[in-house]
Amino acid sequence: MKRLNIKRLLLVATLLTSACAYGNEYSKSYEACMQQAVSTLDIVTCISNEYERQDQRLNDNYQQLRGHLSDERRDQLLSVQRIWITYKEANCGFYADPEGGTMARINANSCLLSETTRRADELENLMQP
């Protein structure tokens, strides 16, 4: 019975993270990690590791984009980025339902990953001619 619940949890988590990607591609190491995960801790670790990669990509894209902007547009980008961070934290914090059990933890971390990946992609696309 316990083994069945873990498999169900993994299936839901895999579907959730795939659905939340919104077409974004995560690293191959993330996908391999998720396929091998057998516990909530494993899933959260996979998500956290990929989040770190995507957050670094977001920061790199942000800095590159800033380098191509006028002072006025840089200030505007900074303002937008601060608002986006506030939104991301509030939105993903809502998923961390204290009564939601282990799925709430997975959902909150998946939200952070998908929002960060989406923003990294958005910043990258803003640099395209």
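What span should the 28 residues of helix H3 have at 1.5 Å a residue, and how far apart are its end C-alpha atoms?

**View 1. Helix H3 (residues 40-67) along its length.** In this predicted model, where local features need pLDDT of at least 70, side-chain atom pairs count only at pLDDT 80 or more, and totals for chains, interfaces and linings use all residues, H3 should span 40 Å, and its end C-alpha atoms lie 40 Å apart, in agreement. Residues are numbered from 1 along each chain as its sequence is written, and side-chain values use heavy atoms, with hydrogens and water left out. The expected span is 1.5 Å times one less than the number of residues, and helices are DSSP runs (H or I, at least four residues) numbered from the N terminus.

View 2. Gln56 and Thr117 are 61 residues apart in sequence but 10.0 Å apart in space, C-alpha to C-alpha.

**View 3. The packing of helix H4 (residues 71-95) with helix H5 (residues 101-126).** The two helices pack at an angle of about 160°, with their axes 8 Å apart, which makes H4 roughly antiparallel to H5 (an angle over 145 degrees, on a scale from 0 to 180 degrees between N-to-C directions). The contact (heavy atoms within 4.5 Å) involves, among them, Leu77, Trp84 and Tyr95 of H4 and Ala104, Cys111 and Leu123 of H5.

Methods
Parallel < 35°, antiparallel > 145°, perpendicular 65-115°, else oblique.
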